Amino acid sequence: MNVAKSGYRVFSANSSVACTELAKKITERLGVELGKSVVFQESNRETRVDVKESVRGQTIFIIQTIPRDVNTAIMELLIMAYALKTSCAKNIIGVIPYFPYSKQCKMRKRGSIVCKLLASMLAKAGLTHIITMDLHQKEIQGFFSFPVDNLRASPFLIQYIQEEIPNYRNAIIVAKSPAAAKRAQSYAERLRLGLAVIHGEAQCAESDMADGRHSPPCVRNATGHTGLELPIMMAKEKPPITVVGDVGGRIAIIVDDIIDDVGDFVAAAEILKERGAYRIYIMATHGLLSADAPRLIEESAIDVVVVTNTVPHEVQKLQCPKIKTVDVSMILAEAIRRIHNGESMAYLFRNITVDD
């Protein structure tokens with residue numbers, strides 16, 4: 001039976017082998033069985049969820065990892081949450097290690113804040129709590145009308161550095177852009193290592209992509225309203241690419257929260273090699289590794305890419321042996337146990353700062 005002595009159940013919102021792997025690791029650590037449910041797509045591509053056991057009055061945890069088909073995964077989660085809600089579950093808690101659409105958390109011209117929309121949809125479907133890991137922006141927690149526990153992967157990645165990187169004391173932590181400097185500084189301070197920052201024209205900060213700074217300049221028209229004349233701003237021009245910090249003869253460790261389009265990481269690795277770094281590691285929480293990422297990594301100056309198992313990436317590992325995985329099921333299982341037993345979550349955030 002999938003009933004712990006305190007009465008909770010754990011379900012996976014996806015039936016594929018790759019996506020249930022993390023769920024099985026979590027349930028093994030908790031000592032419970034994975035809930036009986038079937039998630040599949042009809043011939044017309046509609047998602048269907050069948051819960052095969054009673055959940056009345058129970059606290060339910062839904063584990064959903066996000067594969068490449070993000071929108072299908074979201075519908076699976078929404079439909080399963082609503083099915084559990086209509087089956088009279090007491091509490092429905094989503095365990096979403098990588099929260100999708102987290103990069104779309106700011107207004108872009110006439111666009112929308114999709115992350116806020118998704119938060120509203122999850123609440124409407126019946127979720128009452130979310131456990132996630134390393135949100136792209138910490139402020140995303142404010143989009144939700146229910147509690148959000150944003151766990152950190154940094155202790156596991158730091159442990160990997162200490163145990164798996166030979167002579168890591170000769171390493172230097174690198175931020176691939178000024179925007180990533182705070183996270184890199186946090187790693188550097190914990191490991192007692194130096195810090196370097198890459199800055200220049202090869203980098204394109206996320207905040208500059210579509211915030212209106214590249215809009216056409218104001219054209220002064222004599223026939224228009226002349227009561228308000230805004231000063232014309234000069235166009236931004238980034239300086240030549242520079243590495244702030246000495247990486248010569250060192251191991252360079254680039255840290256970030258997401259590695260998806262690897263173009264920036266490959267360019268950063270080439271610059272670091274030119275500046276004298278003899279080995280280059282990439283450390284990231286979420287390894288999306290879309291499109292040709294495995295091939296680009298294999299052909300680049302990057303030596304090792306270390307990601308956690310918040311996102312399924314077994315296919316990418318077969319394509320690129322440089323990709324290594326760190327298991328974070330331990331902290332997710334402990335978060336589930338503590339939430340259900342009403343214990344404090346503070347232990348999971350000990351010595352964790354906002355910048356981690």
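Visitor: Which residues does the UniProt annotation "domain: Ribose-phosphate pyrophosphokinase N-terminal" cover?
Guide: According to the unreviewed UniProt entry, that annotation covers residues 18-126. UniProt positions are given in the numbering used here, feature names are shortened, and annotations may be inferred rather than shown by experiment. In the model, the end C-alpha atoms of residues 18-126 lie 26 Å apart, and the span is 39% helix and 19% strand. Helices (H or I, at least four residues) and strands (E, at least two) are DSSP runs, numbered from the N terminus.

Visitor: What should I keep in mind about the model and its numbering?
Guide: This is a predicted model, where local features need pLDDT of at least 70 and side-chain atom pairs count only at pLDDT 80 or more, while totals for chains, interfaces and linings use all residues. Residues are numbered from 1 along each chain as its sequence is written, and side-chain values use heavy atoms, with hydrogens and water left out.

Visitor: Why are α1 and α9 called oblique to each other?
Guide: The axes of α1 (residues 17-30) and α9 (residues 329-341) cross at roughly 55° and come within 9 Å. Axes are lines fitted to C-alpha atoms, for helices over the stretch in contact, and angles run from 0 to 180 degrees between N-to-C directions. Under 35 degrees counts as roughly parallel, over 145 as roughly antiparallel, 65 to 115 as roughly perpendicular and the rest as oblique, so α1 and α9 are oblique.

Visitor: Which residues of α1 and α9 make the contact?
Guide: With contact meaning heavy atoms within 4.5 Å, α1 brings Leu-22, Lys-25, Ile-26, Arg-29 and Leu-30, and α9 brings Ser-329, Met-330, Leu-332, Ala-333, Ile-336 and Arg-337.

Visitor: What makes α4 oblique to α5?
Guide: α4 and α5 pack at an angle of about 50°, with their axes 11 Å apart. That angle makes α4 oblique to α5. Among the residues of this contact are Leu-157 and Ile-161 of α4, and Tyr-187 and Leu-191 of α5.

Visitor: Which residues of α5 are buried?
Guide: Buried means under 20% relative accessible area, exposed over 50%, partly exposed in between (1.4 Å probe, protein chains only). In α5 (residues 181-191) the buried ones are Ala-181, Arg-183, Ala-184, Ser-186, Tyr-187, Ala-188 and Leu-191. Their cover includes α4 (154-164), β8 (171-175), β9 (194-199) and β11 (251-259). After α5 comes Arg-192, with a positive phi near 60°.

Visitor: How do you know whether Ile-66 is buried or exposed?
Guide: Its relative accessible area is 3%, so Ile-66 is buried. Ile-66 sits in the loop between β4 (59-63) and α2 (70-86). Leaving aside neighbours within four places in sequence, Ile-66 is in contact with Ala-73, Tyr-98, Pro-100, Val-311 and Pro-312.

Visitor: Why is Arg-45 called exposed?
Guide: Arg-45 has a relative accessible area of 57%, and therefore counts as exposed. Arg-45 lies in the loop between β2 (37-41) and β3 (47-51), and its phi is positive, near 75°.

Visitor: What makes Ala-291 exposed?
Guide: Its relative accessibility is 62%, so Ala-291 counts as exposed. Ala-291 is in the loop between β12 (279-287) and α7 (293-299), with a positive phi near 55°. Most residues other than glycine have a negative phi.
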